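I opened this notebook to keep track of what I looked up, one entry at a time.

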Amino acid sequence: MNSIRTRLLIWLMGALVLASLLASALTYELAWRGFNTLRDYGLEQIAYSIMRHDTQDWLDERPDNGGSKADQPAGTEAGKPGDNELAPEDQGQFVSQIWTPGGRLIYSSLTDTGPPMQEPGLSRADWDGRLWRTYTLRDRDRVIQVATPNERRWLAFLEYLPWLMAPLGLLLLLLGVLIQTAVRGALQPLHRLREEIGAREVALLSPLDPCEMPDEVKPLVETLNQLLEKVDGLLATQRQFLADVAHELNTPLAAIKLQVQLAQQAGAAGQPASLDELEAGIERAVHLVAQLLQMARLEPDAQKWEPRPVALAPLARERVTAFSAQADQKDIDLGLECDAAPEVQGDRNSLRVLLDNLIDNALRYCPRGARIDVRLQQQDGLTVLEVADNGPGIAGADKTRVLQRFVRLRPADTTGSGLGLAIVRQIAAQHHAELSLLDTPGGGLTVRVSFGPAP
């Protein structure tokens with residue numbers, strides 16, 4: 001779990017749930033106490049109501065006044081309408097009882113005796129296997145007690161509990177959504193920083209702007225800017241060194257080659273074989289320097305170019321013509337097949353370098369009498385450039401490795417430098433084209449470059 005967003009959500013949601021549980025417990029306790037207080041107050045009001053309304057009736061029927069009501073069985077009230085036969089839905093709601101000051105039960109709303117008489121005030125009593133809440137009121141003439149079973153009170157409280165907890169649940173849900181939104185908004189600068197860094201290319205190593213970043217992210221941005229500055233300086237130094245070396249080597253090598261050619265002409269038939277080997281070495285060095293110059297020019301910040309429509313057919317015809325003399329020296333059939341006049345978006349000089357390296361690479365590795373075909377065609381909306389030969393080809397395991405720099409599969413057979421296909425790969429990537437190395441039917445190698453449709 002390495003996500004800052006996930007950690008924040010877990011901690012904040014956990015704290016919210018814990019706080020909600022504590023608030024729920026506190027709310028429940030306070031609500032239960034308040035509910036009990038209201039119910040106890042109701043018992044007290046019922047007891048006072050019985051005393052106010054029935055005092056004179058019970059005084060007239062006291063035993064010392066000759067009344068006969070005291071002799072009635074418990075739970076009866078002779079001569080009064082609505083004696084102890086309550087409606088079925090009122091059974092068990094509460095029980096009212098009346099005693100004489102001496103402790104003799106003279107009335108009960110139940111058919112049986114009901115809870116025993118308690119001390120004045122609020123009390124708890126166990127009767128008939130149930131726990132009762134009672135309120136006892138005593139005066140000079142009688143004792144009145146009102147009782148209710150605790151389970152009835154609990155069931156009544158449960159009916160109100162969902163309505164009590166519903167606002168808390170809605171508050172918890174709302175706070176959860178707000179916390180998630182707040183965390184997403186707080187981490188948005190990190191997302192912008194990631195997108196800005198991910199969208200940058202090698203040529204765009206300018207410092208990041210820390211002005212809109214939060215204070216916690218600014219040290220990270222400043223450190224990244226320092227790293228970008230070091231990398232930019234290192235790349236600039238590397239590119240300058242490469243260009244300087246290639247440029248400085250080009251002139252003396254050209255002079256040495258010219259001197260060798262003059263020596264060969266002067267020596268005529270008696271020239272030593274060492275001059276031929278020297279010429280071959282110089283030719284290889286000149287080719288390497290030329291390709292190093294090409295790679296230096298292909299660096300992202302070496303030159304700025306805007307994509308323009310480039311007609312590939314005239315460019316391919318021009319490059320095939322340029323290599324015709326070299327192909328004739330090796331008796332290689334170099335031709336061009338063009339089914340259409342495709343255009344691609346790109347840089348003409350870079351595409352010329354791509355064609356030069358593909359054709360030169362094929363000429364170097366194909367034996368005498370081979371065939372090289374340069375094809376231009378449209379396939380499924382794509383512009384496809386192919387350079388196919390019937391030479392030795394490349395094994396499947398080496399097709400990925402050969403695209404790397406300075407990789408030569410058969411160094412003893414050719415004077416190549418191992419940079420041709422690496423340059424082709426770099427130019428294809430700059431033009432957002434797909435480079436593929438395929439097997440030519442019948443043997444050989446086919447290099448295919450597929451360009452996207454021109455806008």
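**Entry 1: Thr134**

In which strand does Thr134 lie? I found Thr134 in strand 4, residues 130-138. I took strands (E, at least two residues) and helices (H or I, at least four residues) as DSSP runs, numbered from the N terminus.

A reminder to myself about the source: this is a predicted model, where local features need pLDDT of at least 70, side-chain atom pairs count only at pLDDT 80 or more, and totals for chains, interfaces and linings use all residues. Residues are numbered from 1 along each chain as its sequence is written, and side-chain values use heavy atoms, with hydrogens and water left out.

Is Thr134 buried or exposed? Thr134 is buried, because its relative accessibility is 0%. The cut-offs I used are under 20% relative accessible area for buried, over 50% for exposed and partly exposed in between, with a 1.4 Å probe and protein chains only.

I then listed the contacts of Thr134, with contact meaning heavy atoms within 4.5 Å. Leaving aside neighbours within four places in sequence, Thr134 touches Gln118, Gly121, Leu122, Ser123, Arg124, Ala125, Gln145, Val146 and Ala147.

Next I traced an open sheet of five strands, which has the order 2-1-5-4-3 and antiparallel pairing. Its edge strands are strand 2 (105-108) and strand 3 (121-127), each of which pairs on one side only. On average, neighbouring strands of this sheet are turned by 25° against each other, direction ignored. For that angle, axes are lines fitted to C-alpha atoms (for helices, over the stretch in contact), and angles run from 0 to 180 degrees between N-to-C directions.

I counted two strands as paired if DSSP finds at least two bridges between them. Strand 1 (residues 95-99) and strand 2 run antiparallel and are joined by three bridges. Which residue in strand 2 is the bridge partner of Trp99? The partner of Trp99 is Leu105.

**Entry 2: aromatic rings**

I paired rings of Phe, Tyr and Trp (its six-membered ring) if their centres lie within 6.5 Å; planes under 30 degrees apart count as stacked, over 60 as edge-to-face and the rest as tilted. By this rule I get eight aromatic pairs. One of them is Trp32 with Trp154: the ring centres are 5.5 Å apart and the planes are at 80°, so this pair is edge-to-face. The pair links distant parts of the chain, with Trp32 in helix 1 (residues 4-60) and Trp154 in helix 2 (residues 150-186), 122 residues apart.

Trp32 also pairs with Phe157, and that pair is edge-to-face because the centres are 5.0 Å apart and the planes are at 70°. Here too the link is between distant parts of the chain, as Phe157 sits in helix 2, 125 residues from Trp32 in helix 1.

How accessible are these residues? Trp32 is partly exposed at 21%, and Trp154 is partly exposed at 34%. Phe157, by contrast, is buried at 3%. Together with Tyr28 and Phe35, these residues form one aromatic cluster.

**Entry 3: Ser20**

While in helix 1, I stopped at Ser20. Ser20 is buried, with a relative accessible area of 12%. Not counting residues up to four places away in sequence, Ser20 touches Leu168 and Leu172.

**Entry 4: cysteines and helix 8**

How many disulfides does the structure hold? I found zero, taking a disulfide as a pair of cysteine sulfur atoms within 2.5 Å. Cys338 is partly exposed at 29% relative accessibility, while Cys366 is buried at 3%.

Cys366 lies in the loop between helix 8 (348-365) and strand 9 (371-379). Beyond its neighbours within four places in sequence, Cys366 contacts Lys330, Ile332, Ile372, Asp389, Gly391 and Pro392. Ile332 is 34 residues from Cys366 in sequence, with 8.1 Å between their C-alpha atoms.

I also checked helix 8: 14 of its 18 residues are buried, so helix 8 is largely enclosed by the rest of the structure. From first C-alpha to last, helix 8 reaches 26 Å, close to the 26 Å expected; the expected span is 1.5 Å times one less than the number of residues.

**Entry 5: the whole protein**

To finish, I noted that the protein has nine helices and 12 strands. Of its 455 residues, 36% count as buried. Among contacts between residues at least 6 apart in sequence, 62% join residues at least 24 apart.
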